[in-house]
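Please work through each task before reading its solution.

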Amino acid sequence: MNMPFLLRFSLVASLLSILGACVTADYIGETYAPSSHVDLYFDKADVGRAYKVMGRITLDADDIVSTSEIQRKMVEEAQKRGADGVIVEGMRKFTSGSNTVWQDSGKNKGKHFNDFGSSSTEYEEMKELTGVLVKYR
C-alpha cells in the first residue's frame with residue numbers, strides 16, 4: 001500500500017511532536033535515599049505535621065503535555081530525591097523563545113540590490129509547575 005506523501009509527513013510530524021513533548025525537571029536542594037511514597041499538597045497549611053524544606057523543584061513541559069502528567073512527574077522526581085511530601089506552589093503557561101528563519105532570494109543587479117525573501121517565526125507554548133520538597137521530622 002502506497003501512502004500519500006502528505007499523510008506520511010503528517011503522521012511522522014505528529015509522532016515527532018509527541019516524542020519531543022517531554023517534561024524536564026530542575027531541582028536544587030538536599031537529596032536522601034529514594035522514597036516509595038510522596039504525599040501531595042497544594043497548601044503548606046495542609047501538611048499538618050512538622051517538616052523541613054529539602055529544596056525546590058521546577059518542571060517545564062510543552063503545552064501539549066497534560067497538567068496531570070506534569071504533576072505525576074513531580075511526584076516521581078520527589079520520590080527519587082527521598083522526599084516525604086511535595087507542596088505544589090504554582091503553575092503558569094508561557095511562551096518560550098522564538099525562532100525566525102529568513103530565506104533571501106535577492107539579486108545584486110548593478111548598483112541596486114533587490115531584496116526578496118520570506119521569513120517564518122515559531123513560538124513554543126510551555127507549562128511550568130513549581131513546588132517545594134519536604135522531609136517530615
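**Exercise 1.** Determine whether Lys73 and Glu77 are buried or exposed, and characterise their contact.

*Solution.* Step 1: both Lys73 and Glu77 are buried, where buried means under 20% relative accessible area, exposed over 50%, and partly exposed in between (1.4 Å probe, protein chains only). Step 2: Lys73 and Glu77 form a salt bridge, with the closest N and O atoms 3.4 Å apart; the term denotes a side-chain nitrogen of Lys or Arg within 4 Å of a carboxyl oxygen of Asp or Glu. Step 3: about one helical turn separates Lys73 from Glu77, because they are four residues apart in helix 2. Helices (H or I, at least four residues) and strands (E, at least two) are DSSP runs, numbered from the N terminus.

The model is predicted: local features need pLDDT of at least 70, side-chain atom pairs count only at pLDDT 80 or more, and totals for chains, interfaces and linings use all residues. Residues are numbered from 1 along each chain as its sequence is written, and side-chain values use heavy atoms, leaving out hydrogens and water.

**Exercise 2.** Classify the accessibility of Glu128 and Arg92, and locate their salt bridge.

*Solution.* Step 1: the closest N and O atoms of Glu128 and Arg92 are 2.9 Å apart in a salt bridge. Step 2: Glu128 lies in strand 7 (residues 117-136) and Arg92 in strand 4 (residues 85-104), so the pair ties together parts 36 residues apart in sequence. Step 3: Glu128 counts as buried at 17% relative accessibility, whereas Arg92, at 42%, is partly exposed.
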